[in-house]
Amino acid sequence: MAHVLREAKIIIWDECTMAHKNGIEALNRLLQDIRGCDRIMGGVIVLLAGDFRQTLPVVPRGTRADEVKACMKSSILWPSVKVLSLTINMRVHLQPNSKAEEFSKILIDIGDGKIPKEDGRINVSYINCETVPDLITLIDKIYPNIDKAGDNCSSWLKERAMLTPTNEQVNCINNFLLEKLPTEQVRYESVDKVLEDEEAVHYPVEFLRTLNPPGIPPHVLQLKIGICVYCLVPYLESVNN
């Protein structure tokens, strides 16, 4: 990895606005060290992509002041950052859709502070959203008649998505939709054994099965033919021209 970072011509950090400023500064010190260069970021171009109007760093049990302090704009490196603003939504531009274009403009207005607020909150009526009384009603609106999707279930599901604040709600919705699919359900269990037998005293099987870290499937994975499965695999690649 150090060799790749030494040979790199450019490093791209996506969604950097969510990162703590200490992470940016740590990268700066790391690159200076392994590249043997005292220039900022060890002399390599670092492209930081993100939007401060979307999501700031999350500080557990922190205040608004803690989040501002953790933001990259509070870093000693910020004066050295050259800001390039992108003003055209390419997704909307390449695939013309009047509703998508309208929603994109509303998001920009929210970020620019042009939408009226009530006690620090934005009324959903300003963004043409429909409210529903409960989660079941919402699921039925997003995934109507999922049990009748048939052979086109996969492509039908790809056109729909729901955003939730926690993984617990994701699992709840996924399990609810899974039960509605008419195909046969298959059960997969993760490996829940320790490498050394004596470690079983410290890490019992019952404890291992309760672990549900972010980015890793649960111990019991229920799947059916037709559902969408996303596999996120991190990789590091070196390209030499």
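This briefing walks through the salt bridges, surface patches and cysteines of the structure above.

Keep in mind that the model is predicted, so local features need pLDDT of at least 70 and side-chain atom pairs count only at pLDDT 80 or more, while totals for chains, interfaces and linings use all residues. Residues are numbered from 1 along each chain as its sequence is written, and side-chain values use heavy atoms, with hydrogens and water left out. The structure holds 5 salt bridges and 0 disulfides.

**Salt bridges**

- A salt bridge here is a side-chain nitrogen of Lys or Arg within 4 Å of a carboxyl oxygen of Asp or Glu.
- One of them pairs aspartate 112 with arginine 53, and their closest N and O atoms are 2.7 Å apart.
- This pair links distant parts of the chain, 59 residues apart: aspartate 112 lies in the loop between helix H5 (98-111) and helix H6 (135-142), and arginine 53 in the loop between S2 and helix H3 (64-70).
- The helices and strands named here are DSSP runs numbered from the N terminus, where a helix (H or I) has at least four residues and a strand (E) at least two.
- Aspartate 112 is partly exposed, at 41% relative accessible area, and arginine 53 is partly exposed with a value of 41%.
- For these labels, buried means under 20% relative accessible area, exposed means over 50%, and partly exposed is in between (1.4 Å probe, protein chains only).
- Lysine 105 and glutamate 101 also form a salt bridge, at 3.7 Å from N to O.
- These two residues are separated by about one helical turn because they sit 4 residues apart in helix H5.
- Lysine 105 is exposed at 51%, whereas glutamate 101 is partly exposed at 38%.
- Another salt bridge joins arginine 187 to glutamate 189, with 3.0 Å between the closest N and O atoms.
- Through salt bridges that share partners, Asp51, Arg53 and Asp112 form one network.

**Surface patches**

- A patch is built from residues with over 30% relative accessible area and no salt bridge; like charges are joined within 9 Å, and nonpolar side chains (Val, Leu, Ile, Met, Phe, Trp, Tyr) within 5 Å.
- Accessible areas come from the Shrake-Rupley method with a 1.4 Å probe, and for residues only the protein chains shown count as cover.
- Leucine 47 belongs to strand S2 and is partly exposed, at 42%.
- A patch of negative charge on the surface gathers Glu196, Asp197, Glu198 and Glu199.
- In counting charge, Lys and Arg are positive and Asp and Glu negative, with His and the chain ends not counted; each charge is placed at NZ of Lys, CZ of Arg, CG of Asp or CD of Glu.
- Glutamate 198 sits in the loop between strand S3 (185-189) and helix H9 (205-210), and it is exposed at 51%.

**Helix H9**

- Leucine 208 is part of helix H9 and counts as partly exposed at 21%.
- The C-alpha atoms of leucine 208 and aspartate 192 are 5.9 Å apart, although the two residues are 16 residues apart along the chain.

**Cysteines**

- A disulfide is a pair of cysteine sulfur atoms within 2.5 Å.
- Cysteine 71 has its closest cysteine sulfur in cysteine 16, 9.0 Å away, which is too far for a bond.
- Cysteine 71 is buried at 7%, and cysteine 37 is buried at 18%.
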